[in-house]
Amino acid sequence: MTVQNSVRSYLGIAKEATKGTVVAPTAFIPINIGKVKPVDVIDPLYDDGLRGSMVKNYNYIPGRVHSTFDFGGAVFADTFGWALGGIMGSVATTGSSAPYTHVISLKNASATGADAQPTAFTLTDYYAANVRSYPGQQIHDLSLNFSADGLMEFDAKATGWASSTVSTPTPSFTSVLPTPVWQGTVSIAGVTVAYAVEGSLSMTRSVEPIYGIGASQNPYQIFVGALETSGSFTFVMESDTELTRYLTNTQPAIVLDWSNGSGSTATQISATMTKGAYTAASIDRGKDHVEIKVEVNAMANTTDAGSTSGYAPIKWTLKNAIASGIYQ
């Protein structure tokens with residue numbers, strides 16, 4: 001047998017028509033080697049029936065199963081849409097040719113019996129020794145980290161059905177480059193500020209594998225709950241402006257925007273939190289210059305609901321060469 005190189009790995013993804021039914025990858029996401037972690041989880045069942053001996057367990061029986069799949073890396077303006085669409089659920093695409101504009105917001109449903117769950121994915125993990133597919137993956141945690149001197153990076157967590165081996169796909173990657181943070185702009189209360197130096201955004205949803213009695217170890221359903229969006233920002237403290245927003249509960253609109261290029265190759269990643277409540281603020285003197293660190297929790301509002309009804313705490317806009325109907 002041959003020892004395999006970790007760097008040969010790659011990640012494929014595809015939207016599922018039926019949750020839990022494996023689909024061959026239709027796109028491939030560049031990921032960092034230290035951030036990909038697929039795990040099959042088997043709940044243990046033990047036979048501990050007394051048999052007159054000084055032992056605890058006599059037999060092990062595999063119980064219910066599900067999988068978790070963590071992945072992340074640099075943010076690309078096209079492949080990042082998979083993770084965003086997967087946690088938000090609603091994607092409205094406009095444009096007849098590249099660049100297409102995708103407004104990504106929270107999927108809501110007002111009709112009785114309607115489905116408010118995002119579409120699930122099959123994640124395909126090529127790890128050189130073999131290839132495994134992880135179907136029914138619901139993304140429930142997505143974080144974005146950015147510092148003025150680096151690349152924008154993301155971390156995603158998904159939960160789904162148990163894995164199985166599949167045939168080896170042929171990977172194909174786009175020519176889009178990862179996003180340097182310095183290309184971005186930060187707008188607060190409608191005014192572009194240049195003194196933001198780093199930050200993070202976190203979108204989280206509870207997740208529950210629901211099991212039924214149906215002659216299957218796999219879940220009956222992977223179910224995600226309500227969305228919460230929070231973040232943190234570090235600013236150069238030239239004045240009390242950001243501190244005052246916290247002390248007076250201003251809840252300003254916060255817009256982060258990374259735009260690059262022109263014409264058919266133009267790209268954009270933009271996040272809007274129309275009601276950004278400052279929940280904590282602290283002055284930091286750890287450097288030669290004074291900084292202020294602010295914690296933010298995005299409040300639900302109708303403006304960020306995008307093309308769906310109801311409320312949402314955040315709305316995203318992507319611009320790239322990906323056509324309609326791909327992400328969700």
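**Note on the predicted chain**

1. The chain holds 2 helices and 19 strands, where helices (H or I, at least four residues) and strands (E, at least two) are DSSP runs numbered from the N terminus. With a radius of gyration of 22 Å, close to the 20 Å that the globule rule gives for 328 residues, the chain is as compact as a globular protein of that length; this radius is taken over C-alpha atoms, and the rule is 2.2 Å times the number of residues to the power 0.38.

2. This is a predicted model, in which local features need pLDDT of at least 70 and side-chain atom pairs count only at pLDDT 80 or more, while totals for chains, interfaces and linings use all residues. Residues are numbered from 1 along each chain as its sequence is written, and side-chain values use heavy atoms, with hydrogens and water left out.

3. Along its principal axes, the C-alpha trace spans about 75 × 50 × 50 Å. Among contacts with a separation of 6 or more, 68% come from residues 24 or more positions apart, a contact being heavy atoms within 4.5 Å.

4. Thr79 counts as buried because its relative accessibility is 11%, and, leaving aside neighbours within four places in sequence, Thr79 is in contact with Phe28, Ile29 and Pro30.

Key. Buried means under 20% relative accessible area, exposed over 50%, partly exposed in between (1.4 Å probe, protein chains only).
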